[in-house]
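Welcome! Here is a short tour for anyone meeting this structure for the first time. Please have a look at the model, then read on.

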Amino acid sequence: MGSRVRETVKFLFELFCEVSPGDHLKEPYVLFKYPESYKNEEEIKSIPKFTFPCSLENSFAQHYSFVLTSMDSKYTFCFCRYDPKANTALVILSHLPWHDIFYKLLNCIANIINSPERDQLHSFLEACRIRPPMPGHTLKVIYNAGHSVFTCQCPDSNKLPSIPDNCNLTEYFSAVDTKCMAGLWAALLHERRVAIVASKPSRLSACVQAANATLFPMSWQHIFIPILPKHLVDYMLAPMPFLIGVPRSVMENVRMSEIGDVVILDVDANELRSPFNDLETLPPELISSLKKALSDKNALGDAVSRAFLRALVCLIGGYRDAIKIENGQLITFNPEAFVKTRKNMQPFLRKILQSQIFQQFIDERLDLLNSGRGFNDEFEVECNAYADKLNTGSGQKLKQQYRDWAKTVKKEGGAFFKTVKDKANPAVQSAVKTVRQGGKNMKSAVRGLKNKIPKSGSRPSSINTTDESRYSCGSATPVSSDSSDSPSHDLPPPREPPPALTLDLLTEMEYLFVNKSAQRRDSFPNSSRNTEISLPDKAPCGSDTDLIKLDDSPTDLEDFDPLKLRDKNQKNEPIKSSTDSALLHEYGLDFSRFGLLDFNAGTSQQEATSSVPKGWTTFN
């Protein structure tokens with residue numbers, strides 16, 4: 001089934017709306033939405049009932065979340081802030097699971113709505129609804145006449161959830177005791193039908209999200225509803241696995257005799273009821289160690305998350321011994337070899353082999369290996385530590401095998417991928433298709449505009465497009481700072497210019513290529529650091545990490561990328577204008593009259609190419 005989180009995200013948030021709970025005559029409804037052009041009617045129709053799944057207490061403001069699942073099984077995360085004074089809820093929809101960041105953004109929006117500067121709300125939302133900051137970048141939006149600022153930094157995906165920084169884990173750990181947490185974790189590993197019950201939506205959604213996070217590096221692949229609205233109560237009758245948060249008022253209307261065998265965690269009563277003995281199927285020493293680590297209620301940092309992670313390492317960390325690597329072949333996984341890695345828990349391993357959460361985990365790992373990207377997360381770090389403790393050396397063995405495999409693939413280059421292209425993973429196929437299609441689209445677009453380009457190459461005097469007019473952001477003043485100097489692996493998605501401004505193609509090309517005194521703001525940011533960039537012009541950028549890396553150990557192997565098939569002897573040669581000219585002629589293009597290929601004017605060859613990773617061709 002794959003990951004439920006989208007890999008490519010265009011905006012920090014997709015939609016903001018204010019929702020009224022309605023009354024005894026009217027169902028909950030949307031009062032206001034931004035942007036008005038948002039057209040996903042199915043989502044808009046679902047938002048009010050999920051926002052008010054039951055009656056809410058009017059004594060305090062609270063944050064909670066729910067998810068909407070698209071037709072392609074991807075999640076849209078919805079974050080809510082209910083204000084009892086206004087008796088409305090502010091809701092943000094995003095493809096990013098950044099709970100703490102969006103709760104903070106909702107607080108900023110509430111402050112603007114309740115202040116004399118309410119008319120700034122539209123410009124504030126407009127300034128925030130841009131591409132999300134990439135790792136190492138901080139997004140800042142200044143509002144309220146410069147007296148207030150909203151800051152947003154991309155969470156570090158390599159870090160485990162910690163207390164008290166992660167609001168979901170903090171709430172879950174404070175509300176549920178050690179026995180209940182361990183029992184629920186075991187039930188999720190066995191893919192049971194699980195219901196979590198609580199009175200407050202804020203506590204309910206936090207516990208459901210945190211329980212799912214304890215499965216890392218796996219994730220729940222079945223029905224997932226952090227807060228169940230009363231009109232969807234029949235989901236409790238589903239015969240397949242589910243993880244559902246049920247408000248207590250909704251659970252009171254459920255007939256227990258009809259729902260069958262369900263594991264129920266009552267958060268308010270701190271009680272776990274289960275018809276199964278899932279904990280007993282796991283090694284006693286593992287459960288004892290897990291409970292001991294969870295027993296410290298004063299635990300801070302990632303101690304709780306790491307306790308669950310280390311327990312999973314003991315269970316499934318041996319998967320690395322079942323990775324089959326052969327030169328010239330796609331990397332595969334051997335289920336029988338995996339079962340033999342843990343002699344004292346083979347029945348459990350045979351069972352988890354059939355689970356979707358484990359299959360999704362293995363599929364993701366194989367995709368990363370076969371695409372040449374590798375992986376390096378806290379799970380692998382703990383796997384290395386566990387292997388060193390047992391003195392098995394599995395981690396070093398896998399790394400060496402993978403390095404040898406990658407060297408062979410790099411040496412064979414295109415011949416290897418031609419041999420296995422029919423079996424190649426979707427990521428490689430999609431990337432190659434995108435590059436090829438980009439060339440066709442460029443050729444077609446320029447052919448249609450051939451006769452519109454003036455021979456003189458001068459800029460039309462009727463268009464006076466300055467940097468300021470192109471990227472004005474209204475009364476909310478956004479800036480972005482960069483703390484990373486490494487380029488991104490992925491090409492940034494094309495930036496959409498403000499719809500109110502119509503630009504001539506020649507003006508755009510002249511702005512992009514002739515104005516060499518300033519680099520494009522959506523280029524890879526390795527040429528400057530700690531610069532302030534206008535927020536609506538912000539483009540994603542990341543770090544060019546080691547593509548073959550299984551832990552933090554240094555490697556002397558050169559970076560490998562299946563899409564970079566240049567000859568080894570040419571990899572350090574600078575890109576010459578004659579080569580670029582030949583490539584353009586191949587597509588029927590000749591921009592020499594505009595000085596587009598003169599990289600030596602005003603800047604050095606090294607500076608001109610430093611913002612783009614080697615081997616990539618950019619289409620602006």
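## A buried threonine

Threonine 178 has a relative accessible area of 14%, so this residue counts as buried. Keep in mind as you explore that the model is a predicted one.

Where does threonine 178 sit? Its place is in helix 5, which covers residues 178–189. Once neighbours within four places in sequence are set aside, threonine 178 is in contact with Lys291, Leu294 and Ser295.

## The largest nonpolar core

Let's turn to the core. The largest nonpolar core holds 142 residues, and Trp185 and Ile196 touch the most other members. Helix 2, made of residues 99–113, gives the most to this core, with 10 residues. As a general point, nonpolar side chains in soluble globular proteins tend to be buried together.

Which residues does tryptophan 185 meet, leaving aside its neighbours within four places in sequence? Its contacts are Thr214, Leu215, Leu282, Leu286 and Leu290, together with Phe308, Ala311, Leu312 and Leu315.

How many disulfides does the structure hold? The number is 0. A disulfide, in general, is a covalent bond joining the sulfur atoms of two cysteines.

Take cysteine 80: its closest cysteine sulfur belongs to cysteine 78 and lies 6.8 Å away, which is too far for a bond. A disulfide would call for the two sulfur atoms to be within 2.5 Å.

Is cysteine 80 buried or exposed? Its relative accessibility is 0%, so cysteine 80 counts as buried. Cysteine 180 is buried too, with a relative accessibility of 5%.

Key. Residues numbered from 1 in each chain as written. Predicted model: local features only at pLDDT ≥ 70, side-chain atom pairs only at ≥ 80, totals over all residues. Heavy atoms only, no water. Core = buried A, V, L, I, M, F, W, Y, C linked by side-chain atoms within 4.5 Å. Buried < 20%, exposed > 50% of the residue type's maximum accessible area, 1.4 Å probe, protein only. Helix = DSSP H or I, 4+ residues; strand = E, 2+ residues; numbered from the N terminus. Contact = heavy atoms within 4.5 Å.
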